[in-house]
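Please keep the sequence and the structure in view while reading.

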Amino acid sequence: MSALPSLRQLSYLVKLSEKLNFTQAAEASFVTQSTLSGGIQELERQLGVQLVERDRQHVRMTPIGDELVGRARVLLSMAADLVEHASKGAAPMAGLLRLGAIPTIAPFMLPALVRTARERHPGIRIALREDTTVRLLLQVRDGGLDFALIALPWDTTGLRVRELFDDELWLIAAQGDPAAKPARPSVASLDPERLLLLEEGHCLRSHTLEGCGLTERANATGIEASSVTTLVQMVEEGLGLALLPEMAVRAGLLVGTSVVARPIGAPAPRRGIALVARGSTARGEAFDALAAIAATLGREPRRRRPR
(Lines give C-alpha, C1' and ligand atoms only; values in the text may rest on other atoms or scores of the structure.)
Protein backbone atom coordinates (compact mmCIF):
# COMPACT_ATOMS: atom_id res chain seq x y z
CA MET A 1 0.00 0.00 0.00
CA SER A 2 1.24 3.50 -0.84
CA ALA A 3 2.40 5.71 1.99
CA LEU A 4 -0.43 7.68 3.55
CA PRO A 5 -0.35 11.49 3.56
CA SER A 6 0.65 13.05 6.85
CA LEU A 7 -1.54 15.45 8.77
CA ARG A 8 1.16 18.08 8.34
CA GLN A 9 1.01 17.73 4.55
CA LEU A 10 -2.77 18.04 4.64
CA SER A 11 -2.54 21.13 6.83
CA TYR A 12 -0.15 22.71 4.32
CA LEU A 13 -2.65 22.01 1.53
CA VAL A 14 -5.55 23.53 3.47
CA LYS A 15 -3.55 26.63 4.38
CA LEU A 16 -2.43 27.11 0.76
CA SER A 17 -6.04 26.82 -0.44
CA GLU A 18 -6.96 29.65 1.95
CA LYS A 19 -4.07 31.97 1.10
CA LEU A 20 -3.38 31.03 -2.57
CA ASN A 21 0.12 32.31 -1.87
CA PHE A 22 3.05 30.09 -0.88
CA THR A 23 4.77 32.77 1.21
CA GLN A 24 1.65 33.65 3.19
CA ALA A 25 0.66 30.00 3.62
CA ALA A 26 4.14 29.19 4.95
CA GLU A 27 4.00 32.09 7.41
CA ALA A 28 0.57 30.98 8.62
CA SER A 29 1.94 27.44 9.06
CA PHE A 30 5.09 28.68 10.88
CA VAL A 31 7.43 26.98 8.40
CA THR A 32 9.67 28.16 5.57
CA GLN A 33 8.29 28.50 2.07
CA SER A 34 10.56 25.71 0.83
CA THR A 35 9.30 23.38 3.57
CA LEU A 36 5.64 24.02 2.69
CA SER A 37 6.28 23.77 -1.05
CA GLY A 38 8.23 20.55 -0.60
CA GLY A 39 5.48 19.07 1.57
CA ILE A 40 2.82 19.76 -1.05
CA GLN A 41 5.02 18.41 -3.86
CA GLU A 42 5.56 15.22 -1.88
CA LEU A 43 1.81 14.98 -1.27
CA GLU A 44 1.16 15.28 -5.01
CA ARG A 45 3.78 12.59 -5.68
CA GLN A 46 2.22 10.25 -3.13
CA LEU A 47 -1.30 10.73 -4.50
CA GLY A 48 -0.26 10.76 -8.14
CA VAL A 49 -2.33 13.87 -8.98
CA GLN A 50 -1.69 17.59 -9.39
CA LEU A 51 -3.34 19.51 -6.56
CA VAL A 52 -2.02 23.01 -7.24
CA GLU A 53 -1.45 25.03 -10.41
CA ARG A 54 1.60 27.27 -10.06
CA ASP A 55 3.11 30.03 -12.17
CA ARG A 56 5.04 33.20 -11.39
CA GLN A 57 1.92 35.28 -10.80
CA HIS A 58 -0.85 32.95 -9.66
CA VAL A 59 -1.56 29.95 -7.45
CA ARG A 60 -4.76 28.01 -8.10
CA MET A 61 -6.19 24.79 -6.75
CA THR A 62 -7.03 22.15 -9.33
CA PRO A 63 -10.56 20.66 -9.21
CA ILE A 64 -9.24 17.52 -7.50
CA GLY A 65 -7.21 19.78 -5.19
CA ASP A 66 -10.35 21.64 -4.13
CA GLU A 67 -12.11 18.33 -3.47
CA LEU A 68 -9.24 16.99 -1.38
CA VAL A 69 -9.07 20.20 0.66
CA GLY A 70 -12.61 19.54 1.87
CA ARG A 71 -11.69 16.00 2.89
CA ALA A 72 -8.47 17.22 4.50
CA ARG A 73 -10.42 19.67 6.65
CA VAL A 74 -12.56 16.81 7.96
CA LEU A 75 -9.53 14.65 8.76
CA LEU A 76 -7.72 17.49 10.51
CA SER A 77 -10.73 18.34 12.67
CA MET A 78 -11.17 14.67 13.60
CA ALA A 79 -7.49 14.47 14.55
CA ALA A 80 -7.91 17.55 16.74
CA ASP A 81 -10.93 15.93 18.39
CA LEU A 82 -8.89 12.79 19.06
CA VAL A 83 -6.27 14.84 20.89
CA GLU A 84 -8.97 16.66 22.85
CA HIS A 85 -10.57 13.36 23.87
CA ALA A 86 -7.31 12.41 25.50
CA SER A 87 -6.48 15.77 27.06
CA LYS A 88 -9.98 16.65 28.28
CA GLY A 89 -10.96 13.23 29.56
CA ALA A 90 -9.85 13.92 33.09
CA ALA A 91 -11.37 17.43 33.26
CA PRO A 92 -14.02 17.92 30.55
CA MET A 93 -15.23 21.23 32.00
CA ALA A 94 -11.81 22.87 32.25
CA GLY A 95 -9.50 24.66 29.86
CA LEU A 96 -10.15 26.81 26.82
CA LEU A 97 -13.50 26.59 25.00
CA ARG A 98 -13.80 28.48 21.70
CA LEU A 99 -17.35 29.72 21.17
CA GLY A 100 -18.70 31.63 18.19
CA ALA A 101 -21.99 33.49 17.78
CA ILE A 102 -23.72 35.44 15.05
CA PRO A 103 -24.01 39.25 15.48
CA THR A 104 -27.76 39.09 16.17
CA ILE A 105 -27.15 36.79 19.15
CA ALA A 106 -23.70 37.68 20.52
CA PRO A 107 -24.31 41.03 22.28
CA PHE A 108 -27.69 40.01 23.67
CA MET A 109 -26.91 36.54 25.02
CA LEU A 110 -23.18 35.94 25.42
CA PRO A 111 -22.51 38.14 28.48
CA ALA A 112 -25.01 36.24 30.64
CA LEU A 113 -24.03 32.90 29.11
CA VAL A 114 -20.32 33.35 29.79
CA ARG A 115 -20.93 34.66 33.32
CA THR A 116 -23.18 31.71 34.21
CA ALA A 117 -20.80 29.17 32.67
CA ARG A 118 -17.88 30.55 34.67
CA GLU A 119 -19.88 30.54 37.89
CA ARG A 120 -20.85 26.88 37.43
CA HIS A 121 -17.52 25.72 36.00
CA PRO A 122 -14.69 27.91 37.38
CA GLY A 123 -12.03 25.95 35.51
CA ILE A 124 -13.32 26.85 32.07
CA ARG A 125 -12.09 29.74 29.94
CA ILE A 126 -14.24 30.89 27.02
CA ALA A 127 -12.81 32.64 23.96
CA LEU A 128 -15.49 34.38 21.90
CA ARG A 129 -15.77 35.09 18.19
CA GLU A 130 -18.55 36.99 16.42
CA ASP A 131 -19.09 36.33 12.71
CA THR A 132 -21.64 35.42 10.07
CA THR A 133 -23.24 31.99 10.07
CA VAL A 134 -21.35 30.77 7.01
CA ARG A 135 -17.97 31.64 8.49
CA LEU A 136 -18.79 30.28 11.94
CA LEU A 137 -19.90 26.92 10.57
CA LEU A 138 -16.76 26.69 8.44
CA GLN A 139 -14.64 27.30 11.54
CA VAL A 140 -16.60 24.71 13.53
CA ARG A 141 -16.10 22.13 10.79
CA ASP A 142 -12.40 23.01 10.50
CA GLY A 143 -11.80 22.81 14.24
CA GLY A 144 -11.14 26.55 14.65
CA LEU A 145 -14.17 26.77 16.97
CA ASP A 146 -15.58 24.23 19.40
CA PHE A 147 -19.20 25.43 19.28
CA ALA A 148 -21.29 28.16 17.69
CA LEU A 149 -24.60 29.79 18.51
CA ILE A 150 -26.60 30.27 15.32
CA ALA A 151 -30.17 30.87 14.19
CA LEU A 152 -32.15 28.22 12.31
CA PRO A 153 -33.24 27.38 9.71
CA TRP A 154 -29.78 26.88 8.21
CA ASP A 155 -27.96 23.98 6.59
CA THR A 156 -26.19 22.15 9.43
CA THR A 157 -25.53 18.86 7.62
CA GLY A 158 -22.99 16.71 9.45
CA LEU A 159 -22.99 18.83 12.62
CA ARG A 160 -24.24 18.11 16.10
CA VAL A 161 -27.19 20.45 16.66
CA ARG A 162 -29.07 21.27 19.86
CA GLU A 163 -32.13 23.48 19.37
CA LEU A 164 -32.46 25.72 22.42
CA PHE A 165 -35.49 28.02 22.10
CA ASP A 166 -37.52 30.06 19.62
CA ASP A 167 -36.93 33.78 19.18
CA GLU A 168 -39.77 35.73 17.57
CA LEU A 169 -39.13 38.57 15.14
CA TRP A 170 -40.80 41.85 16.12
CA LEU A 171 -41.75 44.79 13.95
CA ILE A 172 -39.84 48.00 14.62
CA ALA A 173 -40.91 51.37 13.22
CA ALA A 174 -40.38 55.08 13.78
CA GLN A 175 -42.60 56.65 16.41
CA GLY A 176 -45.92 57.65 14.84
CA ASP A 177 -45.54 55.29 11.88
CA PRO A 178 -49.01 53.94 10.95
CA ALA A 179 -47.55 50.42 10.58
CA ALA A 180 -46.94 50.29 14.35
CA LYS A 181 -50.38 51.50 15.45
CA PRO A 182 -51.88 48.00 15.93
CA ALA A 183 -50.76 46.33 19.16
CA ARG A 184 -50.04 43.19 17.12
CA PRO A 185 -49.70 43.99 13.42
CA SER A 186 -49.96 41.09 10.98
CA VAL A 187 -47.33 40.11 8.44
CA ALA A 188 -49.90 40.71 5.70
CA SER A 189 -50.30 44.33 6.78
CA LEU A 190 -46.63 45.15 6.24
CA ASP A 191 -45.63 46.90 3.01
CA PRO A 192 -42.81 44.82 1.45
CA GLU A 193 -41.50 47.91 -0.33
CA ARG A 194 -40.77 49.57 3.02
CA LEU A 195 -38.99 46.58 4.53
CA LEU A 196 -35.33 47.24 5.33
CA LEU A 197 -32.84 44.36 5.35
CA LEU A 198 -29.35 43.56 6.53
CA GLU A 199 -26.63 42.98 3.95
CA GLU A 200 -26.25 39.58 2.33
CA GLY A 201 -24.44 37.10 4.56
CA HIS A 202 -26.54 37.89 7.64
CA CYS A 203 -29.08 35.19 8.47
CA LEU A 204 -31.56 37.78 9.80
CA ARG A 205 -31.95 38.89 6.19
CA SER A 206 -33.12 35.46 5.05
CA HIS A 207 -35.23 34.98 8.19
CA THR A 208 -36.96 38.32 7.58
CA LEU A 209 -37.72 37.49 3.96
CA GLU A 210 -38.90 33.99 4.81
CA GLY A 211 -41.04 35.24 7.70
CA CYS A 212 -42.76 37.72 5.40
CA GLY A 213 -43.20 35.20 2.59
CA LEU A 214 -40.84 37.09 0.28
CA THR A 215 -38.15 35.85 -2.07
CA GLU A 216 -34.53 36.96 -1.96
CA ARG A 217 -34.22 40.49 -3.27
CA ALA A 218 -32.41 43.76 -2.78
CA ASN A 219 -34.09 46.41 -0.66
CA ALA A 220 -36.49 48.46 -2.74
CA THR A 221 -34.88 51.57 -1.28
CA GLY A 222 -31.43 50.45 -2.36
CA ILE A 223 -30.28 50.78 1.27
CA GLU A 224 -29.02 47.82 3.29
CA ALA A 225 -27.70 47.80 6.86
CA SER A 226 -24.42 46.27 7.95
CA SER A 227 -25.59 45.60 11.53
CA VAL A 228 -28.73 45.59 13.67
CA THR A 229 -27.59 48.87 15.25
CA THR A 230 -27.48 50.51 11.82
CA LEU A 231 -30.83 48.93 11.00
CA VAL A 232 -32.39 50.57 14.07
CA GLN A 233 -30.88 53.94 13.14
CA MET A 234 -32.30 53.69 9.62
CA VAL A 235 -35.75 52.90 11.00
CA GLU A 236 -35.52 55.82 13.44
CA GLU A 237 -34.80 58.14 10.52
CA GLY A 238 -38.03 57.03 8.89
CA LEU A 239 -36.37 55.15 6.02
CA GLY A 240 -38.60 52.12 6.45
CA LEU A 241 -39.66 49.21 8.66
CA ALA A 242 -37.67 46.22 9.87
CA LEU A 243 -37.96 42.98 11.81
CA LEU A 244 -35.77 42.65 14.89
CA PRO A 245 -35.18 39.57 17.06
CA GLU A 246 -37.14 39.66 20.31
CA MET A 247 -33.95 39.04 22.30
CA ALA A 248 -32.51 42.28 20.90
CA VAL A 249 -35.65 44.22 21.80
CA ARG A 250 -35.79 42.73 25.31
CA ALA A 251 -32.08 43.39 25.84
CA GLY A 252 -32.71 47.11 25.44
CA LEU A 253 -31.34 47.78 21.96
CA LEU A 254 -34.04 50.40 21.39
CA VAL A 255 -33.44 52.24 24.67
CA GLY A 256 -32.46 55.83 23.94
CA THR A 257 -34.17 55.81 20.55
CA SER A 258 -37.66 56.84 19.45
CA VAL A 259 -38.16 53.52 17.67
CA VAL A 260 -41.17 51.45 18.78
CA ALA A 261 -41.45 47.65 18.74
CA ARG A 262 -44.52 45.52 18.27
CA PRO A 263 -44.92 41.74 18.50
CA ILE A 264 -46.44 40.36 15.31
CA GLY A 265 -49.75 38.53 15.38
CA ALA A 266 -49.90 34.77 14.88
CA PRO A 267 -48.40 33.14 13.03
CA ALA A 268 -45.47 35.30 14.05
CA PRO A 269 -42.19 34.95 12.16
CA ARG A 270 -39.51 33.38 14.32
CA ARG A 271 -36.06 31.87 14.27
CA GLY A 272 -34.72 28.91 16.22
CA ILE A 273 -31.64 29.49 18.36
CA ALA A 274 -29.28 26.50 18.33
CA LEU A 275 -25.86 25.42 19.54
CA VAL A 276 -23.80 23.46 17.02
CA ALA A 277 -20.58 21.47 17.15
CA ARG A 278 -18.74 18.97 14.99
CA GLY A 279 -20.33 15.56 14.95
CA SER A 280 -17.03 14.14 16.19
CA THR A 281 -16.50 16.71 18.95
CA ALA A 282 -14.55 15.51 21.94
CA ARG A 283 -16.32 18.00 24.18
CA GLY A 284 -19.74 16.41 24.44
CA GLU A 285 -20.10 17.11 28.15
CA ALA A 286 -19.20 20.77 27.70
CA PHE A 287 -21.59 20.98 24.75
CA ASP A 288 -24.46 19.61 26.83
CA ALA A 289 -23.65 21.90 29.78
CA LEU A 290 -23.43 25.03 27.65
CA ALA A 291 -26.60 24.13 25.75
CA ALA A 292 -28.49 23.70 29.04
CA ILE A 293 -27.34 27.11 30.29
CA ALA A 294 -28.23 28.82 27.00
CA ALA A 295 -31.65 27.17 26.84
CA THR A 296 -32.45 28.27 30.41
CA LEU A 297 -31.35 31.84 29.71
CA GLY A 298 -33.42 31.94 26.54
CA ARG A 299 -36.57 30.85 28.35
CA GLU A 300 -36.19 33.11 31.40
CA PRO A 301 -38.81 35.85 31.81
CA ARG A 302 -37.43 39.01 30.25
CA ARG A 303 -36.74 41.78 32.75
CA ARG A 304 -36.81 44.73 30.37
CA ARG A 305 -40.05 45.88 28.79
CA PRO A 306 -39.93 47.10 25.17
CA ARG A 307 -41.36 50.47 24.17
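Ile-64 lies in helix α4, which spans residues 63-88; helices (H or I, at least four residues) and strands (E, at least two) are DSSP runs, numbered from the N terminus. The model is predicted, so local features need pLDDT of at least 70 and side-chain atom pairs count only at pLDDT 80 or more, whereas totals for chains, interfaces and linings use all residues. Residues are numbered from 1 along each chain as its sequence is written, and side-chain values use heavy atoms, with hydrogens and water left out.

Ile-64 counts as partly exposed because its relative accessibility is 32%, where buried means under 20% relative accessible area, exposed over 50%, and partly exposed in between (1.4 Å probe, protein chains only). Together with Leu-47 and Val-49, Ile-64 makes a nonpolar surface patch of about 190 Å². Patches are made of residues with over 30% relative accessible area and no salt bridge, with like charges joined within 9 Å and nonpolar side chains (Val, Leu, Ile, Met, Phe, Trp, Tyr) within 5 Å.

In the protein chain as a whole there are 10 helices and 11 strands, and 47% of its 307 residues count as buried.

The structure holds 17 salt bridges, each being a side-chain nitrogen of Lys or Arg within 4 Å of a carboxyl oxygen of Asp or Glu. Three of these pairs are listed below.

| Asp-146 | Arg-98 | 3.0 Å |

In the pair formed by Asp-146 and Arg-98, Asp-146 is buried, with a relative accessible area of 0%, while Arg-98 counts as partly exposed at 25% relative accessibility. Glu-246 and Arg-250 both lie in helix α9 (residues 246-250), four residues apart, which is about one turn of the helix. Glu-246 is buried at 13% relative accessible area, whereas Arg-250 is partly exposed at 24%. Beyond these pairs, salt bridges that share partners join Lys-15, Glu-18, Arg-73 and Asp-142 into one network.

Technical notes:
Accessible areas come from the Shrake-Rupley method with a 1.4 Å probe; for residues, only the protein chains shown count as cover.
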